There are 2 protein chains.
Amino acid sequence: MAVVGGGPIGLATAWRCATRGMRVTVYDPEPGSGSSGVAAGMLAPVAEAYFGEEESTRLMTESAARWPGFAAELVELSELDIGYRTEGTLVVGLTPDDLAEARRLWSYQQGLGLPITPLRPAQLRDREPLLAPGVRGGAHAPDDHQVDPRRLVAALRVAAAKAGVSFVPTTVTDLSAIPEPVVVVAAGCGTASLTGLPVRPVKGQILRLRAPGGGPPGFRHVIRGYADSRSVYLVPRADGEVVVGATVEERTDPTVTAGAVLDLLRAAADLVPELVEYELVEARVGWRPGTPDNAPILGPLPGRPTVVVATGHYRHGILLAPVTAVLIAELLATGVPAPVLGSFLPERFMTVA
Amino acid sequence: MAVVGGGPIGLATAWRCATRGMRVTVYDPEPGSGSSGVAAGMLAPVAEAYFGEEESTRLMTESAARWPGFAAELVELSELDIGYRTEGTLVVGLTPDDLAEARRLWSYQQGLGLPITPLRPAQLRDREPLLAPGVRGGAHAPDDHQVDPRRLVAALRVAAAKAGVSFVPTTVTDLSAIPEPVVVVAAGCGTASLTGLPVRPVKGQILRLRAPGGGPPGFRHVIRGYADSRSVYLVPRADGEVVVGATVEERTDPTVTAGAVLDLLRAAADLVPELVEYELVEARVGWRPGTPDNAPILGPLPGRPTVVVATGHYRHGILLAPVTAVLIAELLATGVPAPVLGSFLPERFMTVA
């Protein structure tokens, strides 16, 4: 079988398929060069559970439950650190309006039975003393973890290769050019031109800061914040990096704009003032593979059972990699889609050719 | 004779000396690689005239008067565009407090007889419609122009070479290693270790934006602004670039900090909101050669007439290049310092060895 696309979805799927005894070739001119190199790596099934997306939330929760085992297996096999951290996420609101906005969302999340606990300002600062004194309140999502996507891809390449996966460094522009009889298309935004599926790029601008002095950042939780109506997340890594993300723009241009950098830095500094002393290392643009219903597209193309799609993960590709890989490997091994795939099949956007 | 340092001061001096018939060698491992590659290129003798710096202001005014001829000669000889623009500078204040701060300074400048004319908000917006509606007032300094320092250095290298200047691409660490009998030290911050003079690096962080669509920026004047107590300048170039500067920090580290980028972008966007759509192309650090009295150091070392210093121009090296070059060339040709050099001689910081 072939996997088109060497991002986290394609690599994890290739690895899982190879582990089940399949012969797998990954086609990608430069694995990990797409949106995974820009992504923050939040594994946040709870704080990212939105109104009206219950099916996706279930899939995210299931994938989150698989992450500890997935990470442990990957680190053991690859012998590489992937920056997996389990301190959890603090959701915080700067102003009363921001807090009301955040509370509306976490009340919904609590209603779904998801683990998220409101905290008073003093409790927030007990957990993260660097939070701005003005922060009005928030909540703790203990199951919302993080991983470093660049390290993840490096480890997945090693693990896949050790499991017997081959790599062909070419760009696939036509699926009929692939010799393998079965193809998994995990090409992110590129899936649209390969399959006709409605996957569109959703631009994101993101910053990488670095703590001064070579040490780790002064906070350990992922911080998901609302600051003067600006939404921002701060992801601290043990190696000193802090990711500040991200815009969500229905644009395809590759421009890092002054306004996006300003908004991200302002919200970040409003929530954690110490960040003004951090180095600004990088400002980058990536494109999330979006779909009309914000849910991923997983399963065979209608009428073409040898072409299986695994894309459209939008803002949740890193979180959803483990469950996607297992579900696609199971489908290929048994020929039968798991029931959970029912909501995510390509046929919701396509009729049989 | 030798010139140590191939920045604008060293190159202009070498060019002027060669034009007067001297045999000149410039020592620099990479001419133009110092602070001139970071500088904005404001030629602002008026808006940069500060309380208590009357001697420097006179020198800046004299150099500004030389700039049109200097630029014309340089462009003709080098056949290169140097981005010299004469629309003048608008000084603006965003809030009433900002305007009061700006007015205090321009009242002082008017008191010195310098050309600067207060403008009402409507008059400001007649000149630059993109100014934020909230800008409370300002002034026009018609003689405060601009040049592109990177283009300037490129042109000076060509002009100097055409005038017969030789270039030796090595770093000078000891003046005694130089074979030429007379040495001009124009090494910026590096002058301290070569001569013992108190020249210290003053860190500046600066941004370069680019107008969208490949066209020029939507404004033509240099804008010197005060926005919520933050000082910023915006320098629009015909090629689409906008320089946003600059911090003034008594630090020597090379770090681009999140806080500096935030402050510069916030002040810029407060004054010209359209800038949020511009691309953020570059964030860089440079070091101005500062002196204890903020004035340049020009002339022979006490007791060592064959070692002539031309440095310490602090924030005004681009503006002061023409007058510095002429004064140093005159000194070397005649052996007699011009009276104007009296305030800037090295001996104010040194005793005879």
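View 1. A246(B) sits in the loop between β13 (241–245) and α7 (258–271) of chain B; helices (H or I, at least four residues) and strands (E, at least two) are DSSP runs, numbered from the N terminus. The peptide bond joining G245(B) and A246(B) is cis, with omega about -20 degrees. In chain A, the bond from G245(A) to A246(A) is cis, with omega near -25 degrees, and A246(A) is placed in the loop between β13 (241–245) and α7 (258–271). This is a predicted model, in which local features need pLDDT of at least 70 and side-chain atom pairs count only at pLDDT 80 or more, while totals for chains, interfaces and linings use all residues. Residues are numbered from 1 along each chain as its sequence is written, chains are lettered from A and ligands numbered from 1 in the order in which they are written, and side-chain values use heavy atoms, with hydrogens and water left out.

**View 2. S229(A).** S229(A) is not a glycine, yet has a positive phi of about 70 degrees. The loop that holds S229(A) runs between β11 (222–227) and β12 (230–236) of chain A. Most residues other than glycine have a negative phi.

**View 3. Helices α2 and α8 of chain A.** The axes of α2 (residues 54–78) and α8 (residues 317–334) of chain A come within 7 Å and cross at roughly 90 degrees; axes are lines fitted to C-alpha atoms, for helices over the stretch in contact, and angles run from 0 to 180 degrees between N-to-C directions. α2(A) and α8(A) are therefore roughly perpendicular to each other (65 to 115 degrees).

**View 4. Interface of chains A and B.** In this interface, 18 residues of chain A are in contact with 18 residues of chain B. The buried area is about 1400 Å², of which carbon and sulfur atoms give 69%; buried area is the accessible area (1.4 Å probe) that two parts lose on being put together, summed over both. On the chain A side, A258(A), L262(A) and L280(A) lose the most area to chain B, together 33% of what that side buries. Two salt bridges are counted between the chains, each a side-chain nitrogen of Lys or Arg within 4 Å of a carboxyl oxygen of Asp or Glu. R251(A) forms a salt bridge with E277(B), the closest N and O atoms being 3.5 Å apart.

Notes:
Angles under 35 degrees count as roughly parallel, over 145 as roughly antiparallel, 65 to 115 as roughly perpendicular and the rest as oblique. Contact means heavy atoms within 4.5 Å.
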